[in-house]
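The following paragraphs go through one model, helix by helix and then through a loop. Please keep the sequence and the coordinates open while reading.

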Amino acid sequence: MNIVLVKAIKNYILDCCDEERQDVINELARYKAEFPYEDDYNYYQYGNILPYYSQIRTFYENCGIKISEDNEVMLNDFKHNLRKAIDTILKEEERKGKWM
């Protein structure tokens, strides 16, 4: 897990959507509950974040992170870190008492 990347993904999810924050939190919780065994809770697969390889690669570069030229390796790494970002968001909300 890359902490810089997880934080950047977390901020991207929370800052780059048109929905209210609570709606985003509820959506993340729903994905986690419905797809607990998927690497990213299916959040990427359903097109909710950076749907193109070039967007993911640019995102990594903007975070100052070198990533494999192999798109599948990059995507698997992204999904893993996306899952960690979602978990982080939901844990933070749970601590605030706003979710669960």
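Which residues are buried in α4? This is a predicted model, and in it the buried residues of α4 are M74, L75, F78, K79, N81, L82, A85, I86, D87, I89, L90 and E93. They pack against α1, α2 and α3. An α-helix has 3.6 residues a turn, so residues three or four places apart point the same way. As for its length, α4 has 26 residues, which should span 38 Å at 1.5 Å a residue; the end C-alpha atoms are 37 Å apart, in agreement with that. The packing partners of α4 can be taken in turn.

Helix α1, made up of residues 3–15, packs on α4, residues 71–96, at an angle of about 65°, and the two axes are 8 Å apart. The pair is therefore roughly perpendicular, since angles from 65 to 115 degrees are put in that class. The crossing of α1 over α4 is right-handed. On the α1 side the contact is made by L5, V6, I9, K10, I13 and L14. On the α4 side it is made by D77, F78, N81, L82, K84, A85, I86, T88, I89 and E92. Sorted by class, the contact of α1 with α4 has 10 nonpolar, two polar and four charged residues.

Helix α2 covers residues 21–34. Its 14 residues reach 20 Å from first C-alpha to last, close to the 20 Å expected at 1.5 Å a residue. Buried in α2 are V24, I25, E27, L28, A29 and Y31, and what covers them includes α1 and α4. The angle between α2 and α4 is about 120°, with the axes 10 Å apart. These two helices are therefore oblique to each other, and their crossing is left-handed. Where they meet, α2 supplies R21, Q22, I25, L28, A29 and K32, while α4 supplies I86, D87, I89, L90, E93 and K96. By class, the contact of α2 with α4 has six nonpolar, one polar and five charged residues.

The remaining partner named above is α3. Its axis is 10 Å from that of α4, and the packing angle is about 65°; α3 and α4 are therefore roughly perpendicular. Here α3 passes α4 in a left-handed crossing. The residues in contact are Y53, I56, R57, F59 and Y60 of α3, together with N71, E72, M74, L75, D77, F78 and N81 of α4. Seven nonpolar, two polar and three charged residues make up the contact of α3 with α4. D77, F78 and N81 of α4 are listed in the contact with α1, and these three are also listed in the contact with α3. Likewise, I86 and I89 are in the contact of α4 with α1 and in that of α4 with α2.

The loop between α2 and α3 holds several residues that deserve a separate look. L50 is found in this loop. Is L50 buried or exposed? Its relative accessibility is 8%, and L50 therefore counts as buried, the cut-off being under 20%. Residues up to four places away in sequence aside, L50 touches Y12, Y44, Q55, I56, F59 and F78. L50 and F78 are 28 residues apart along the chain, with C-alpha atoms separated by 10.0 Å. Y12 and L50 are 38 residues apart along the chain, and their C-alpha atoms are separated by 9.8 Å.

Y12 itself is in helix α1. Its relative accessible area is 27%, so Y12 is partly exposed. Beyond its neighbours within four places in sequence, Y12 is in contact with I49, L50 and F59.

Notes. Residues numbered from 1 in each chain as written. Predicted model: local features only at pLDDT ≥ 70, side-chain atom pairs only at ≥ 80, totals over all residues. Heavy atoms only, no water. Axes fitted to C-alpha atoms, helices over the stretch in contact; angles between N-to-C directions. Helix = DSSP H or I, 4+ residues; strand = E, 2+ residues; numbered from the N terminus. Parallel < 35°, antiparallel > 145°, perpendicular 65-115°, else oblique. Left-handed = near helix turned anticlockwise from the far one by under 90°. Contact = heavy atoms within 4.5 Å. Nonpolar A, V, L, I, M, F, W, Y, C, P; charged D, E, K, R; others polar. Expected span 1.5 Å × (residues − 1). Buried < 20%, exposed > 50% of the residue type's maximum accessible area, 1.4 Å probe, protein only.
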